[in-house]
Amino acid sequence: MKIKFIYIALYMLAVVSATSCKDILEVDPQGAVSAGAPTAESANGLVTAAYAAVGNDDMIGPMTSMWVYGSVRSDDAYKGGGGVSDVADVNFYEQYNLTQPDQAWMHPYTWENFYIVISRANSALAALNQLSDEDYELRKVRIGEARFIRGHAYFMLKILFKYVPYIEEGLSKDEILQISNKVYTNDELWNKIAEDFQYAYDNLPESQPEVGRANHYAAAAYLAKLRLYQAYEQDENNQVTGINSSRLQEVVDLTQEVISSGMYSLQPDFAENFLDGYDNGPESIFAVQFSISDGTAVGRLSFVTGLNYPHGATQFGCCGFHAPSQNLVNAFSTDDSGLPKFETFNSVELSSDDITPTGVTMDPRIDHTVGIHGHPYKYRNQEAYIFDNSWVRDPGVYGWFQSMKEQQAADCSCYKKEGPFIGTSKNIDIIRYADVLLMQAEAYIELGQHDLAMPLINQVRARASQSTGRTKLADGTPASNYLIDQYDGVNLAWTQDNARMALQWERRLEFAMESPRFFDLVRWGIAEETLNAYLAVEKTRRDFLSDAQFTAGRDEYYPIPQQEIDFTKGLYEQNVGY
């Protein structure tokens with residue numbers, strides 16, 4: 001059973017009307033916890049409130065799904081919606097060169113939301129630090145959970161903004177106001193965040209009685225993820241200057257512990273990662289928990305992707321955001337041996353007329369990821385759920401394809417519509433087992449042990465090849481002409497360069513529209529070359545991108561919100577290039 005994290009917990013911090021770091025980080029804890037007498041029960045409630053904060057996001061300040069920051073800002077997706085002025089801030093991000101520090105509508109809210117998470121975690125830690133192990137048998141476990149949550153928030157802030165103020169528990173208001181976002185170097189800040197995951201790794205049990213809680217292996221996986229990012233060393237202009245082999249070895253060791261535990265595996269069908277009823281399954285290592293029909297007015301629902309459903313379909317009706325790019329759709333095509341068309345994939349602009357049971361050969365993950373005219377939408381092959389071009393909101397701007405992974409069918413018991421907006425109780429995975437496999441494969445490749453990476457990548461490809469049962473048309477035929485094969489060293493010479501190329505492609509196809517893409521490109525040091533090459537072609541297809549340009553040394557990260565710099569009277573330093 002899921003932990004039902006609620007918006008207002010008995011022991012949570014005061015409701016925060018957040019407009020600056022002052023509001024978030026200087027708020028005095030309210031409720032049942034007195035400053036001098038925390039109890040085991042109240043401290044546990046504060047940890048629950050910290051968990052809850054991770055899922056307290058929406059389209060305005062996303063934290064769980066990074067569809068705006070990691071998908072639209074990459075070559076995977078367009079903003080979508082009703083033209084460029086519809087939620088214009090996302091269009092600014094997609095153009096890169098329009099992103100500015102004084103934007104006040106989206107990334108500043110994400111900054112604030114993550115600092116609310118940190119504030120709640122710090123309040124929990126302050127209470128737990130006043131207890132002894134005798135007072136509370138699970139004290140170290142709950143500290144581990146609070147530090148895991150805090151580590152997650154700081155990790156996300158770091159990959160979004162690079163340099164952020166690191167606020168620990170127990171600091172006074174005056175002390176908080178003296179902490180710059182440049183106290184630590186890039187590498188030092190990685191290490192500071194790693195301390196939280198290391199504590200969690202050392203103190204959390206291998207399993208938890210409540211599945212929503214982080215455990216030892218979740219901490220191992222997250223620490224591996226951090227070390228993988230840290231391994232790609234960056235200079236002050238955000239350029240990768242080297243890859244640290246000792247950090248890569250840590251990734252290998254930590255991921256191997258998760259793999260060897262026997263507690264996790266790939267879901268047999270890729271679809272099961274994106275369907276209600278499979279939450280907290282064997283592939284889910286850590287997920288944000290949601291619920292419905294739990295006695296509250298609208299349930300503990302996720303609305304963060306609630307704008308991204310087909311706009312013209314009567315069963316959905318809003319709002320057509322997060323449209324797969326033409327480049328992404330093309331990337332799912334395969335050659336005669338069932339491998340990606342690494343060099344030629346984007347030379348032809350595929351349409352629904354090409355993606356048919358007898359058409360261009362495709363990786364099966366296309367029909368788990370993209371809504372295509374004439375194909376079943378969200379694994380429903382009844383007539384009402386066959387995707388139709390009339391469902392597309394603004395094809396003249398954003399093309400004919402629709403996102404699908406993050407959606408749930410309207411007849412799902414997990415689905416609820418509030419006005420025009422849609423929420424579901426489907427969990428959002430932060431780390432799943434496929435990521436662990438591919439993190440280890442990546443580390444092996446960069447260590448020069450690329451032969452060890454092939455079977456890891458092939459596990460993911462083998463699962464994809466077996467994931468066609470739910471994507472069939474009503475007559476039992478496949479919606480697309482599926483052809484995918486594993487690497488054998490003959491169909492692609494397994495050099496380090498080719499193994500790296502295969503890994504990078506696998507990550508894109510496996511996690512397409514799930515948001516890691518932009519952050520992967522920055523980590524690898526290839527964001528500028530990849531995204532400007534993408535734009536050069538997309539500009540011939542999509543007029544709205546005609547002036548878009550990615551600038552190296554600036555656009556790898558968001559600007560520090562200007563309101564935060566103003567509030568701290570210039571203590572926070574703006575990121576390079578802004």
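Reply: Strands are DSSP runs of E of at least two residues, and they are numbered from the N terminus. The model itself is predicted.

Me: What makes the peptide bond from cysteine 318 to cysteine 319 worth a remark?

Reply: Its omega is near 5°, and the bond is cis. Most peptide bonds are trans.

Me: Why is aspartate 75 called buried?

Reply: Buried means under 20% relative accessible area. Aspartate 75 has 3% relative accessibility, so it counts as buried. Its place is the loop between α3 (67–72) and β1 (77–80).

Me: What makes the pair aspartate 75 and arginine 517 a polar contact?

Reply: The cut-off is a pair of N or O atoms within 3.5 Å, one able to donate a hydrogen and the other to accept it. The side chains of aspartate 75 and arginine 517 are joined at 2.8 Å. Beyond its neighbours within four places in sequence, aspartate 75 also has contacts that include Arg508, Leu521, Thr530 and Tyr534.

Me: Arg517 belongs to α17. Why is helix α17 called mostly covered?

Reply: The helix spans residues 516–524, and eight of its nine residues are buried. Those eight are Arg517, Phe518, Phe519, Asp520, Leu521, Val522, Arg523 and Trp524.

Me: Which residues around α17 have a positive phi, and what makes one of them a case to note?

Reply: Just after the helix, glycine 525 takes a positive phi of about 80°. Methionine 513, in the loop between α16 (496–510) and α17, has a positive phi of about 70° although it is not a glycine. Most residues other than glycine have a negative phi.

Me: Lysine 569 is not a glycine and has a positive phi of about 55°. Is it buried or exposed, and how do you know?

Reply: Exposed means over 50% relative accessible area. Lysine 569 has 78%, so it counts as exposed. Methionine 513, with a relative accessible area of 5%, is buried. Lysine 569 lies in the segment after α19 (562–567).

Me: Why does glutamate 406 count as buried?

Reply: Its relative accessibility is 17%, and the limit for buried is under 20%. Glutamate 406 is therefore on the buried side of that limit. The residue lies in the loop between β8 (402–403) and β9 (415–418).

Me: What makes a group of residues a nonpolar core, and how many residues does the largest one have?

Reply: The members must be buried, belong to a set of residue types that includes Val, Ile, Phe and Tyr, and be joined through side-chain atoms within 4.5 Å. The largest such core has 156 residues, with Tyr69, Phe148, Tyr154, Ile285, Val436 and Tyr487 having the most contacts inside it. Helix α6 (residues 139–161) gives the most to this core, 13 residues. A second, separate core of 14 residues includes Tyr309, Met404, Cys414 and Tyr415.

Me: Why are some spaces in the model called cavities, and how many are there of 30 Å³ or more?

Reply: A cavity is a set of grid points where a 1.4 Å probe fits but cannot get out. The structure holds seven of 30 Å³ or more.

Definitions and conventions:
Residues numbered from 1 in each chain as written. Heavy atoms only, no water. Buried < 20%, exposed > 50% of the residue type's maximum accessible area, 1.4 Å probe, protein only. Helix = DSSP H or I, 4+ residues; strand = E, 2+ residues; numbered from the N terminus. 1 Å grid on protein atoms, 1.4 Å probe; cavity = no way out; pocket = protein on both sides within 12 Å on 5 of 7 lines; lining within 4 Å. Points joined across faces, edges and corners; volume = space filled by probe spheres on them. Contact = heavy atoms within 4.5 Å.
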